[in-house]
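Please look through the sequence and the three-dimensional model shown here before reading on. The notes that come after are meant to be read with both in view.

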Amino acid sequence: MIELKNISKVVRSGAEDLTILDNVSLSIADGEFVAITGASGSGKSTLLGLIAGLDAPSSGGIFIDGDEVTKMSEDALASLRSGKIGFVFQSFHLIPSLTAFENVMIPMEILGLRDARARAERLLTDVDLTNRGHHYPTELSGGEQQRIAIARAFANNPKILLADEPTGNLDSKNGQHIFDLMTELHRQNNVTLVLVTHDQGLADKAQRQIRLKDGRVLSDDKN
Amino acid sequence: MSFIFNLTFREIRSSWRRLLFFFLCIAIGVGSVVALRSLIQNLSQAVGGDTRALMTADFQISSTSDFSPTDIQKIEEIVGKSTIVEARNEAITSAAMARPVDETSETLSFVELKGIEPPFPLVGEFTTSDGKPFDFKLLENGGAVVSPLLLDDLKVKIGDRIKISDGTFEIRATFSEEPGGASGFRLGPRVFIEKKAFDSAGITTSGGRVRRLILYRTSDNPTELVKSLRDNLKGSTLTVQSYRETQENLGEQFTRTENYLSLTGLLILVLGGVGVWNVARVFVEQKRRSVAVLKCLGASGTRIIAVYLLQILTLGLLGSFFGIFLAQCFLWFTKYRFADALPASLAYTVNLSVAWQGILLGVLISLLFSALPLLQVRNIKPRLLLHDASGEKMRRLDLPRAVIGAVSIVGLLALAAWQAGSLKVGAFFLVGLGLTSLFLYVAAVVLTKILRNARNFGSFSIAQAVNSLYRPGNQTRIILLAVGLGAFVVLAVQSLQANLVREFDFTRNQTLPSLFIVDIQKSQIDELARILEEKTGEAAQTLPTVRARIAYVNGQPIDYQNRETRQQQGQIGREFAVTYRANLDKNETVLDGEWWTEDADVPRVSIEEEMANRLKVAVGDSLTFDISGRKITAQIANVRKLDLRNTRTAFIFVFAPGVLEKAPQTFAANVIKKLPETERQRLQRNLIDRFPNVQIFDVADIVEAFQKLVNNFVLAISFVGSFVILSGMLILIGSIALTKSQRIYENAILKTLGARRLTLTSILFAEYGLLGILAGVIGAVFATALSFAVSKYIFEIEWQFDFGLTLLGILVTAVLVTIVGALASFDVLFRKPLATLRSQ
């Protein structure tokens, strides 16, 4: 269960304060597939980042399974992400110095899992990249990089998968493939999936759609 | 934990090229420390390690005059009571001139003559060149065993006969290693003859510099016996010395040298540290995104720091090992290049303890210099993956940063103190280095500021090159500091050398004599003067010399039990050549007291400034001299300063007339006229044939030896200086590698905008050319200042600005930086712009 209570995020922009999120409250149930949409600058990515504890809100509280994320230290946040959250970025963010296979293993190694290797192999099979494991990110296409990022996001069996425009840098064919992969894994593992997207077509396939405008929730509808 | 190890391994695997500079910086630094320390320790081992063999005895009693019957009696009495004395022998040493019997040969050589008696040696080994143990029979009936060098000098071979003074000797063998052979400065090759042949050759009677030795081998530590002998012989001119004291003195000197050399090594290592700091700083900057990803995936800041720390440790360790390998290569090179000039028993391997020290130093320097940059990892937030936070402000007051900074400085101080063997010297070193770096850095800042204006005047390439030097994340000042420091060291040494060599240039300095003749008997002086005048056309300058030793200072015998005094025994206890005259020489100035103008009732003496300081005496004090057993007490009338540059003679003690005229004396004469080498040799040979007992010093040889010494010294420092330059170059290459992506991007844009490869190449050359010129100018300015200060205030010699050298220094630096810089960035020119621009 993800709960956001009166979340605001204000940043300093030059001499002025810029409100990115303005008193947002919402809750997302376990296993739910939610799409967050809105124009550029509406606060979608910031909201996702706050849920993952990548940044702290200016005010309000965020709770995951009852634990208040906003009060956690950097290290506690890190272990929260390690245990419960998977994240997929628009620009993949694979570690360039590691091979695809090693990128997938990293979250499991951080947790100290013993079967990291076998599990990483399975995950690579799941995303259909068994033969590309020894390649470095720069040697992979955008679609392949994102499939590796998804395999990495699922590595620790997260309860929550947060995806920030995962198809934004891909052509439509690759984009559809990535979307199918995520929803498939969501169904198989009963993962809470929060997807930030510009693509209305993808958003329509979610169970619930939250629209943001100027940092506020414009609508929150079940599809 | 496995996460930390796995990631460390993977990071090294993928980033090793970028970190190669880190590795090399440490390797060069550790290599310098280990090489210098090993060399000096091995040298200490070879020269001083077996001082017993060096002395060829456990203790010795030496005298510059015959042992008096009273002295012998006292010695026998004390030694006779001792139960530890196992064996005894006597020896006589003296410098002499040797020449082949063959009259047609014009060769002549100084030799260090040693008359020995069996059993010899009491301690140590003595083998001849053919590998057989030395047999005393080789010396019997006019035999000589000589250093192979003499065969070359005199162009003779085994079986030939040579003349030394009035004696004739047959060369029966040469030796590969003589007992006590490694000791310092030699006037000429060693020649062994029978002790009794010394007398028959007339060497002992001619008043030359003869040293008589009684040597003893003991079964146990001779310290007590030596002390008792010294107590009983107090006031006499005899010197008692045990091998242990020699060892102690030598050991101290070597330790001091080793510590100073280690500081030089540490300087290179600290420069390596600057390289490490630079690499670590930019490395962390480049890894920001990866760190953010790792944090996003759940790794804590501490674990990520642990990964990078482990990486640094691994590289520091590997770099240190490679450094030890480099040190070994250096020692092999030393053997290959300098083995002839170094003791034969010198080992050319890295010492194990020094190697461990080097590893520890390498790892510590790696940690100390990368700790601060690594700490930045803490401040990298995972949110930068959502929006770049590079513009975020750092916290001003960062306690851990301040603490780590302080720890680094204290750590560095501890390392410097450890290497210098003294906290004070270590602190001076660090402060000195800090100040020098500060000055160089300020100079770099000022010069780059000035240069910034230059872009408005130059061509497109120059303007772009200047812009490149101000590229965000540029390393310009660090490079200027590092390369400038290297240029500074090398140029300063070269400039000093030029001034020193100029000062002692035999052909320029008209006041130096060309030949110096000593030990001329009273009966020989007139004839010798006549010959000199006939051959050179100038009136010979002759002056009387009397050999004297200091017996008492203000009525008190010199206390050699006192450690400090004993260390100066060589300077105080030796036999001095003193003279007497009415006038002050041209090269002398009276510092205190007055030069004698009229007769006085008491004997008066003038003392040279440094000796006065050494003896802690002043005008009015009394000195008692032992002159051939007679004691003469004189009052110090004045203290003189000698200008050694214009010296014809350099007497430490000069007596007023009326005291020494009756004392046994010899004469010295000098030839001022500059004679061509062949004429000089012929004249020397003529004189020695006529007066075999005299000794002739060819000043040209001495000057040549001095120049050789200066050159070797300069070679050694320049060698170290070139390491400093090398460190600078590594920092340069490292910086280029670190800012390469920006350079590639800039080039891609310029290419898109229509810049041709030639234009880009000229920008590249202009950039590094400018950088090199700036570094060269900084180095040259500071080198000139240092060379001036050292010449003027330390060496007290005339200083001249060497324009050619300075220009050459700047040029070489500029060319070096341009070549290294261009080579390291050349591939940038060949990248296709589209791929670069798309990846941004």
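The points that follow are grouped by topic.

This is a predicted model, in which local features need pLDDT of at least 70 and side-chain atom pairs count only at pLDDT 80 or more, while totals for chains, interfaces and linings use all residues. Residues are numbered from 1 along each chain as its sequence is written, and chains are lettered from A and ligands numbered from 1 in the order in which they are written.

**Chain A**
- Chain A holds seven helices and ten strands, where helices (H or I, at least four residues) and strands (E, at least two) are DSSP runs numbered from the N terminus.
- Of its 223 residues, 49% count as buried; a residue is buried if 20 or more other C-beta atoms, placed from the backbone, lie within 10 Å of its own, exposed if 12 or fewer, and partly exposed in between.

**Where the chains touch**
- In this model 21 residues of chain B are in contact with 23 residues of chain A, contact being defined as C-beta atoms, placed from the backbone, within 7 Å.
- Helix H1 (2–49) of chain B gives the most to the side of chain B that touches chain A, with seven residues.
- The residues on that side of chain B divide into eight nonpolar, eight polar and five charged, where Ala, Val, Leu, Ile, Met, Phe, Trp, Tyr, Cys and Pro count as nonpolar, Asp, Glu, Lys and Arg as charged, and the others, Gly among them, as polar.

**Helix H19 of chain B**
- The buried residues of H19(B), which spans residues 677–690, are Arg680(B), Leu683(B), Gln684(B), Leu687(B) and Ile688(B).

**Backbone features**
- Most residues other than glycine have a negative phi, and most peptide bonds are trans.
- A cis peptide bond joins Pro118(B) and Pro119(B), with omega about -5°, and another cis peptide bond joins Phe120(B) and Pro121(B), with omega about -10°.
- Asn190(A) has a positive phi, near 55°, and lies in the loop between helix H6 (172–189) and strand S8 (192–196) of chain A.
- Lys155(B) also has a positive phi, near 55°, and its place is in the loop between helix H4 (148–154) and strand S6 (161–164) of chain B.

Notes:
The expected span of a helix is 1.5 Å times one less than its number of residues. Two residues are in contact if their C-beta atoms, placed from the backbone, lie within 7 Å.
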